[in-house]
Structure formats: structure tokens, C-alpha cells
Amino acid sequence: RYSLFYNRLKNIEENEGGLDKFTESYKTFGVNQSGDGGIYCKEWAPGAEAVFLTGDFNGWDPFAHPYKKMEYGKWELFIPPGQDGCSPVPHGSKLKVVVIRAQNGELLYRISPWARYVVRDEDKVNYDWVHWSPPQSYIHKHPSAKRLKSLKIYESHVGIASPEGKVASYKNFTYNVLPRIKDLGYNCVQLMAIMEHAYYASFGYQVTSFFAASSRYGTPDDLKEMIDVAHSMGITVLLDVVHSHASKNSEDGLNKFDGTDYCFFHSGYKGTHQLWDSRLFDYSHWEVLRFLLSNLRMWIQEYRFDGFRFDGVTSMLYHHHGIGTGFSGDYNEYFGLHVDEDALCYLMLANHMINVLHPECITIAEDVSGMPALCRPVAEGGGGFDYRLAMAIPDKWIQIIKELKDEDWNMGNIVHTLTNRRYKEKYIAYAESHDQALVGDKTLAFRLMDAEMYTNMSVLSPLTPVIDRGIQLHKMIRLITHALGGESYLNFMG
């Protein structure tokens, strides 16, 4: 594993101008302003016969601005500035990449994989790509929070952070939620569903545009302001990043960008997650590494995120993706041909890149399998993560509440579950997260009190035994989880 990592890192250093330049490819790919006021465009579409840029700026003429074919399936286009020196593609105008397939000459209208802003009109199903290049972008006023020794994480979703029956905004979170988080004593916010996703009910886990902050909640500058205000309060901000899979959408997603099923993803059966109905990245491909590593770099540099919680790491680590597989802790389950070494190498590269270029940033792995050394340094052959989620703890609480009477709770078994973690690997403990609350399950409070939550929670009504028991157990579950479960703690806003 370390040899594979070292060889790929060496190739990046020798052939791509170094890790810094390689992971800043987001500045050259997609559509970007050039220094002289023109527009520089670059895409990777190895299955295309021809590529064009169209949009409001050229009256939607699909063939007016052809890209030039370069090596390795890359395409480039430069549009000079107008006679007045202004950009030929105005801020806020809509764009499309037009791809002509090599096989049958079919015209495909696509959103660039590197698009920074996509929006959906209320009367439409698909998202539109909008060129985001304001005359004056938001300027961060406060330095990033210092690296914390212990995290007290408030796991959040901007869209549900309001009592109103609507999708809430970045502005609402900035001015109404962040002060509450600070007052409650949390020092870290973990933001879900920020990377743009067409299907809102997926809670951000079917990403369509990896470089775009979700327009449901506001503009990119609104998100930058929100993070800046959090930093002014000394709050660390983490992004829930989804690099384990991608939405199957093609017109407004990454799938079949160049008309083939293998651009960015594995082809055929190997490239589809059977449970999630989504596409799986080919982590062995050079341009996939460029895309994903640059994606992390962009969120750090442009938005000032302080780190990442990597979603679906178990799915990445194994060719079976954890489907129909149990993990007992036997080392044979973690070392063998069933391990996806390319995906593991990508995670090592990601953590190495963050550690070298942004050592103040934090990374967290969501891995249910218990892969050994996932949170040990890359130099030791480990995965390089700073923390891993203690995913057995919430499952234990659900099992106890569902299956046992109060008098049958086994404290020895509870303490063993809370303290059973890999040597010298840091864990984030939690009694429940969005996983328990939002995917057809119940929160702990509803499991404990259920229907009486609606009728007997008021101070104006008598305290019933169900509510009394539920509140006391709810507090004690969190107390013992916080005390014994790990080196940091997480709570979900829901």
C-alpha cells in the first residue's frame, strides 16, 4: 500500500510540477477568468470527438466556440476579452459544454464537472450552470480557527436549521444558528449537504456538482461569509465531503460527461453501487485523482473550510463496498484482494496533501469496518486520518433500547463498547447522528418517549413516567458516551 502511494506521489512530483500545482488544477480546469480579462476553458473528455462552449454569451450557438484537442483526452479553449477589455462571458450568464460523441456524432449538452455554481429554476427539473465571477468576491476578514486538541462537533444541515417550513439559508445559519452553537459550548461545526445535489432528499449524499456550493441556501459568497463569521467566534468548520460515489445524473451531473460510462468512473457493473444506485470513481485514473484532490484543495482555499469528514469510507476501501459483509475484527477482513488498494491510496494521498499543504486542517473517516491503522500517519503506512467515527456506539444504544428492559442493561457490555477502539487511533464518540435520525429510523428521544413527545413535553402538563424516564436516560446516555466513547464528541442538530 505504501509503495503504491509513494509511486503515485513521486509521479505527481516529477510529472505534474509537484503536489501544490497538481491539486490547484481547479484554477485551470472548467471556465476561469484569465489575467487579461479573457476566459480560459479546459475540460477532460477522452471519449469526445469534439467539444464546444455555448451559452448566453454567444446566443447559444453550439458550434461558435470549439475547444482545441490536447494530449490525454484534454480540451482547451481561450476566448479573448472584448474590445472594452471586459470578460466575454459575463458574471451570472448560463453556460453549457457541448460534447460530440466519437461513436455516433450525438450532441450532448453538459455542465462542466468543475462548475462553481449551478441553480435550478422552479419550473425546471435539471440544474443550470451559471458562470460565477462577481466583480468583488467576498473577502475573508478573520483567520481560520486554530487546530483543536479536542472537538465538540455540532453536526448541521443548513436547510433544516429553521423552525419555518422552508429550506433555510446560509444567512439564517450565520445570524441565528452560529450564536446558539457558540453559546451551547460547541467548538466545531460539521456541515452536511453543501456540495450541490439535485435530489434534496438524499441529504447531500448524491452529489451532482462537486465544486459547487449548494444554491438552495444562497450564493457562494453567503457560504464564505458564514464560515468567516464562524471563525470570528473561534469555531472550526468541517465539510462533509462525498468522494465515495456520485449521482447517476448525466445532464446536470458527472455521469457520462463525454458520452461514455467510464469517464471518471469504472465501466459496467464495477462502476455502479448496487444499494445506493450511484456511480463509483476509478481511483486508479490520473484525472480522477486530479479532480478529487483539487476538489479538496478548492474547499480549503476558496471557502476556508478547516477540514473534512469523509463519507462512505467503508464503501471505498473494499470491492464489495461492505454490502452483505460483516466485520468481526479478524485481520483477514482488512488485508487481501477484496481491498480496493487504489481507493485506499487515494485516501492516503488526500490526507498527505492536506497534512503537507494545510497542516492546520482536520480529517475524519466514516468507516464502519474498523480498518486497522486508518488513523495512523501515512509515513507509518496508515491511512493518515486524524479521527474516525465510533460507529459501533450508536448501534449499541439502539440495540439496548429496542431489545432490553431497563433492569437488563449490562454495564460491563456498555463500557466495553464505549472503550473498544484501536490503539493510538483517535475516535469521535456520538450517541446518534444523522444516520440514526434521518434514514427511516427514530432519534433516541423518540425511541424512549415516542407518542408522548407530542402530548406531554410541556411544562404546563403533568410529568408522566414515560417522559421522566426518557429525559433521564437521554441525559445519561450522552453523559457516558461523552465521557468514555472517544477523544472528541459529536451531536446532530436534529
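Contact here means heavy atoms within 4.5 Å, and helices (H or I, at least four residues) and strands (E, at least two) are DSSP runs, numbered from the N terminus. This is a predicted model, where local features need pLDDT of at least 70, side-chain atom pairs count only at pLDDT 80 or more, and totals for chains, interfaces and linings use all residues. Residues are numbered from 1 along each chain as its sequence is written, and side-chain values use heavy atoms, with hydrogens and water left out.

**View 1. H8 packs against H9.** On the H8 side we find Ala392, Ile393, Lys396, Trp397 and Ile400, and they meet Asn413, Ile414, Thr417 and Leu418 in H9. Sorted by class, this contact has 6 nonpolar, 2 polar and 1 charged residues (Ala, Val, Leu, Ile, Met, Phe, Trp, Tyr, Cys and Pro count as nonpolar, Asp, Glu, Lys and Arg as charged, and the others, Gly among them, as polar). The packing angle is about 160°, and the axes are 9 Å apart; axes are lines fitted to C-alpha atoms, for helices over the stretch in contact, and angles run from 0 to 180 degrees between N-to-C directions. That makes H8 roughly antiparallel to H9 (angles under 35 degrees count as roughly parallel, over 145 as roughly antiparallel, 65 to 115 as roughly perpendicular and the rest as oblique). The crossing of H8 and H9 is right-handed; a crossing is left-handed if the near helix is turned anticlockwise from the far one by less than a right angle, and right-handed if clockwise.

**View 2. H8 also packs with H13, residues 465-484.** Here the angle is about 150°, with the axes 12 Å apart, so H8 and H13 are roughly antiparallel to each other. Their crossing is right-handed. Ile393, Trp397 and Ile401 in H8 meet Ile477, Ile480 and Thr481 in H13. By class, that gives 5 nonpolar, 1 polar and no charged residues.

**View 3. H1 (residues 2-15) meets H7 (residues 341-357).** These two pack at about 60°, with axes 9 Å apart, which makes H1 oblique to H7. The crossing is right-handed. From H1 come Tyr2, Leu4, Phe5, Arg8 and Leu9; they touch Glu341, Asp342, Cys345, Met348, Leu349 and His352 in H7. The contact of H1 with H7 has 7 nonpolar, 1 polar and 3 charged residues.

**View 4. The largest pocket has a volume of about 890 Å³.** On a 1 Å grid over the protein atoms alone, a pocket is an open set of points where a 1.4 Å probe fits, with protein on both sides within 12 Å along at least five of seven lines; lining residues have an atom within 4 Å of a point. Grid points are joined across faces, edges and corners, and a volume is the space filled by probe spheres set on the points. Of the 33 lining residues, Trp276, Asp311, Glu366, Met391 and Asp435 are the closest to the centre. Helices H6 (313-317), H8 (392-403) and H10 (434-438) each give two or more residues to this lining, and H10 gives the most, with 4. The lining divides into 16 nonpolar, 12 polar and 5 charged residues.

**View 5. The second largest pocket has a volume of about 590 Å³.** Among its 24 lining residues, Val368, Ser369, Gly370, Ala392 and Asn420 are the closest to the centre. Strand S19 (387-389), H8 and H9 (411-419) each give two or more residues, and H8 gives the most, with 4. By class, this lining has 10 nonpolar, 8 polar and 6 charged residues.
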